[in-house]
Amino acid sequence: MTIVLSTPTVDGVREAMAALREWQYDEAPMQLHSGDIGWNYRFGTTETAAVVRTWSRDGRILAVGMLDSPRLVRMTVAPDAFQDEDLARRLVEDFSLPERGVLPEGAVSIEAPLGLLLHDLLSKEGWGVDEPWTPLFRDLTEPVEDPGVRIKSIGPEQAQDFADVLRSAFNTSRPTREYWHAMSAGPFYADARCLGAYDDRGSVAAVVVTVWSAGPGKPGLVEPMGVHEDHRGRGYGRAITVAGAAALREMGSSSVRVCTPSSNVGGVATYKAAGFEVRPEVRDRIRTA
């Protein structure tokens, strides 16, 4: 059967996210999660559909990708297709040829889970590896401890708090209150929680931008976590991450995972302090020219 590459319609993105939810399981390597696409909805519904790619055979989605930037695609495949040679070869072609509409010419990156046949084929084609990232994982079988600070759900009235922390945490002027409104209007936001940690004066100190469930019995995602520059070094990062884990457990998630650059030593330490275990490092595949 022919493998078909598509840029889905707005409704088609729901099908792609449903596939991603189905593919999540605790023993899986770090991979694209439905929450990654859910977080992208902060840019709008049409804009999100435009950066999603699917690969299907005989009507079944085998792989899903999302352009996190014009030169970076994050992707994964169905668990039973990790060693599918036809799919792997088609993916290499589509990532290598700009006319296929996935990646442009020149320097580009691919985030793909460990264990894919795709990695072997990319190596044969001369693709290299980028800087390491550290996946972290926390089992949610047992109850989660109290975070020790005041936690509040972020709703419409707190959308400006959400934007303020993001701007400070990531040193960017881009986030606005509309980020929260657009993200919360996206599909599957019912399976997400946006939480804020507040100090004794009622000022927002840290935000788990969102924690995303993939459904009961499946791993959830922290995507991402930020601490306002005025409140760093006081344990708020650990506290809000613990609160996010508790929220996911309440939604039925079996575990929670997150991935951060290995160079972000402080971030890795924060997640470890919140009960996360470090998993083997991963690296994006890169083409430098």
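Reader: How many salt bridges does a search of the whole structure find?
Author: This is a predicted model, in which local features need pLDDT of at least 70 and side-chain atom pairs count only at pLDDT 80 or more, whereas totals for chains, interfaces and linings use all residues. Residues are numbered from 1 along each chain as its sequence is written, and side-chain values use heavy atoms, with hydrogens and water left out. A salt bridge here is a side-chain nitrogen of Lys or Arg within 4 Å of a carboxyl oxygen of Asp or Glu. By that rule, the number of salt bridges found in the whole structure is twelve.

Reader: How many residues apart are Arg74 and Asp36, which belong to distant parts of the chain?
Author: The side chains of Arg74 and Asp36 meet in a salt bridge, with 3.2 Å from N to O. Helices (H or I, at least four residues) and strands (E, at least two) are DSSP runs, numbered from the N terminus. Arg74 lies in strand β4 (residues 72-77) and Asp36 in helix α2 (residues 34-40), so that their separation in residues is 38.

Reader: Is Asp68, with its relative accessible area of 39%, buried or partly exposed?
Author: Asp68 forms a salt bridge with Arg74, the closest N and O atoms being 3.7 Å apart, and Arg74 itself is buried, with a relative accessible area of 12%. Buried means under 20% relative accessible area, exposed means over 50%, and partly exposed lies in between (1.4 Å probe, protein chains only). Because the relative accessible area of Asp68 is 39%, this residue counts as partly exposed.

Reader: Which helix holds both Glu85 and Arg89?
Author: Glu85 forms a salt bridge with Arg89, and their closest N and O atoms are 3.0 Å apart. The two residues are four residues apart, about one turn of the helix, and that helix, covering residues 85-96, is α4.

Reader: How is α6 oriented relative to α7?
Author: Helix α6 (residues 159-169) and helix α7 (residues 177-184) pack with their axes 7 Å apart, at an angle of about 115°. Axes are lines fitted to C-alpha atoms, for helices over the stretch in contact (heavy atoms within 4.5 Å), and angles run from 0 to 180 degrees between N-to-C directions. Angles under 35 degrees count as roughly parallel, over 145 as roughly antiparallel, 65 to 115 as roughly perpendicular and the rest as oblique. The angle therefore makes α6, relative to α7, roughly perpendicular.

Reader: At what relative accessibility does Ala163 count as buried?
Author: Ala163 is found in helix α6, and this residue touches Pro175, Thr176 and Arg177, not counting residues up to four places away in sequence. Ala163 counts as buried because its relative accessibility is 0%.
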